[in-house]
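Subject: Structure handover

Hello,

Here is the structure I promised to pass on. Please open it first, then read my notes below.

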Amino acid sequence: MRFGRTLRSSIYPEWKDKYIDYAKLKSLLREDAEERVKWTEDDENKFCDEIFNVQLEKVAAFQESTFKSLEQRATKAAEKLHDLAPEEGNPKGTITTERFKELEKELDGILDETKRLKKYSEINYTGFLKIVKKHDRKRGNNYKIRPMLMTSLSKRPFNSEQGYHPLLNKLSTIFFVVRQQLDESETNPAVSSSDAQSQTHNGERYTAYKFWVHLDNLLELKTYVLRRLPVLVYSEQSTSKSLETQGDPTLNSLYFDSQDFSLYKDKVDRQVDASSLRVRWYGQLNANPELFLELKTIHENGTSEEKRIPIKGKYIQSFIKGEYKMEKSIQKMERQGQQTNKIEEFKVTVAEIQRFILEHDLQPVLRAVYTRTAFQKPLDDKVRISIDTSLAFIREDSLDSDRPCRDPNNWHRLDIDNSAMLYPFPNINQGEISRFPYAILDIKVKDDGAKKNPKWVEDLMASHLVHKAPRFSKFVHGVASLFEDNVNALPFWLSEIETDIRKDPQAAFEEEERRKATRAENNQVVGSFLGTPRGGGSFKPGVSSPLGKSYMQDRLAAEDDSTRERRSSKSPAARDGGEGPSAQSGYGTMSSVFPSLSRSRYALVRRVKEAALPPGVTKPTLLIKDSGPLQVEPKVWLANERTFLKWQHISVLLGTLSVALYNAAKGSLTIQAFSIVFLGIAMFTAIWGYSMHRVRRDMIVARSGKDFDNWIGPVIVCISLIVVLILNFIIQYREAVKKMNLSNDTNSSSAMPDTLWPGDVKVELN
């Protein structure tokens, strides 16, 4: 009954007659009938005819026809876009913003119906599995039809993610062009989330965010992202294929650790400079892909750094043992005439990685296999998004010498790579594999000095589509899942694996509104200039959930109502000031993908600049940190002033102690000396606090990227106080010992007898 209610609540009214008739199938199955009622062969034939020839054919035919209709609509949209493009610099017609907005609205409709069709396929697929499970449980003594149904479903594009991939790729490209033409820049970006990690990639700094995505929300997430970013083409070889037939690549990461899992323990305990080592490649290993040996280190301040070298598979085993030091790669670089500093940098990286392997006695222990879909604008890496699906962890260790998972003489499992196994790896023993139940969303935003994210990224991170997973690590999760008996510490997110991470869209929206209200209230109290996002809709209706009513429509209405209430509570002057148009800044360019479509002055100027430089390289005329007026948050100034006052407070305390000691000395040279020492420490503390206050003020004004901390002053003060206390203890201890000895001498002299007792002999010497 529970699935029947779920099915009824999931029905899209316009497709009501196209869903599986679950109630009719249950009635034919006579589930509630008494056991004494015999199930005949005619009853079985009626049931099978209904489920295979009527219900399955009805659902499959509707899904196929609707999908073809969507493909035709996408093709027509592409033709409309082609008609809007100018030829040879001359416009082919009147290109207006309204026409592109109409095309964008049409694309929104296609995406919404695509998501609706995917939900339709999923609920019907579940219905067929549910009903045959009931059949086999009740009538399975004589008839079992589940294997036959699974075979029939496998021949139809029912619940396959890959079936929607070509359509999504086409829509992604069209949507990218339309949005670039509309020149919708990201205004009033929101502040970055705290659940982030700073990373360094190819010399560039990125802020990374990790999330889990339930498979039910995966398609909706992809359609939301592809509105802003196109699907990334990984290599020139893949560009030779049609965009519609190109599939997502499969990644393999082979992780290393010691027998006592020291690297895992360091990462779980968040030790300083915790590192992980892996061999990474794309596709099947028997296709001889390019392999990379990567060393990733997380520093004390939370930033991560990655060093990697290319290596051939036949040299990995000898490199692990320290027998091969990449001599052939170095010789090849020298023959190619590469720069000396680049060769030396490669040598240093090789030596560092090999030393790390030998010092920790590392060996392959775990393999992570997953399929990656990446989104990024061409020649613009400001925002990079990747979605990892079909994630599986496989044991790759040889810890048990009697039953090793991997041959100790090889660096990888030959049974997997020689047979080219694919997900879900049915031939792997259940104890050697763990399949992750969700997809992993990784968002990386380039640090450009503003410390702010595009607003659509913030809206995505706050939506019901994602579940926050800060500091999630594939390596840590794989070890915790497969080697639980070998480790004593487990990551905090393991308890969330068994819970349902799906959230109600309306509840997620209300939670986000409460968070925004709290943040706005805090900002008002501290007088922060962080700014508050506009009251307009964070999401557009195009990314709404297709279940029943549209929660995103309610979201927009609620935001409009709250916006009107806030504006009505303000004065007219405030309303006039708050509704002024905000300055727009360009985000991404069209010149690298469709140069003829962009005719704005911004695009023309950028095109001229790129003509004199390599593609994607522009010469900055002004550093970002020096552009615009100086805007510093008040809390930065107040923090500097608060630190200065703390130093002066310590100085006053030490000075007061010095004066009190001097007045209580009463002629004692030792106490007077200590009071002078404390006075000197107090003077140093006051001077240090004032000087650091001035230095940090100058750094704030200059927008310096240097570190503000300085440990010299605190260390000097602490060491001075410790030395004074130790000297005071020594002096007082000596005085106490001296007094004790003097008291013992006095007692011994007073105890000597002056008279003779009977029997004593008194001898006098003349």
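Start with Y12 and W15: Y12 is buried, and W15 is buried too. Buried means under 20% relative accessible area, exposed means over 50%, and partly exposed is in between (1.4 Å probe, protein chains only).

Some ground rules. This is a predicted model, so local features need pLDDT of at least 70 and side-chain atom pairs count only at pLDDT 80 or more, while totals for chains, interfaces and linings use all residues. Residues are numbered from 1 along each chain as its sequence is written, and side-chain values use heavy atoms, with hydrogens and water left out.

**Aromatic rings**

The whole structure holds 19 aromatic pairs. Y12 and W15 are edge-to-face, because their ring centres lie 5.3 Å apart and their planes stand at 75 degrees. The cut-offs: rings of Phe, Tyr and Trp (its six-membered ring) pair if their centres lie within 6.5 Å; planes under 30 degrees apart count as stacked, over 60 as edge-to-face and the rest as tilted. Ring pairs also join Y12, W15, Y19, F62 and Y120 into a cluster.

R228 lies over the face of Y224, 4.4 Å from the ring centre. R308 has its charged end over the ring of F292, at 4.1 Å from the centre. The test here is NZ of Lys or CZ of Arg within 6 Å of the ring centre and within 35 degrees of the ring normal.

**Salt bridges**

A search of the whole structure gives 24 salt bridges. Each is a side-chain nitrogen of Lys or Arg within 4 Å of a carboxyl oxygen of Asp or Glu.

- R278 pairs with E294, with the closest N and O atoms 2.7 Å apart. R278 is in strand β4 and E294 in strand β5, 16 residues apart. R278 counts as buried at 16% relative accessibility. E294 is buried at 2%.
- R372 meets D388 at 2.7 Å, N to O. The pair ties together parts 16 residues apart in sequence, because R372 lies in β7 (residues 363-377) and D388 in β8 (residues 380-395). Both residues are buried.
- K446 meets D381 at 3.5 Å, N to O. K446 is in β10 (residues 439-446) and D381 in β8, so this pair ties together parts 65 residues apart in sequence. K446 is partly exposed at 23%, and D381 is partly exposed at 24%.

Shared partners join R278, E294, E306 and R308 into one salt-bridge network.

**Helix α12**

Helices (H or I, at least four residues) and strands (E, at least two) are DSSP runs, numbered from the N terminus. Helix α12 covers residues 340-360, 21 residues in total. From first C-alpha to last it reaches 31 Å, close to the 30 Å expected at 1.5 Å a residue. The expected span is 1.5 Å times one less than the number of residues.

Which residues of α12 are buried? They are I343, F346, T349, V350, I353, Q354, F356 and I357. They cover an arc of only 155 degrees around the axis, which puts them on the same side of α12. That arc is taken from the directions from the helix axis to the C-beta atoms. The face turned away carries the exposed residues T340, N341, E345, V348 and E359.

The buried residues of α12 pack against several elements, including α9 (262-268), β4 (274-282) and β5 (291-298). After α12 comes D361, with a positive phi near 55 degrees.

Best wishes

Notes
Contact = heavy atoms within 4.5 Å.
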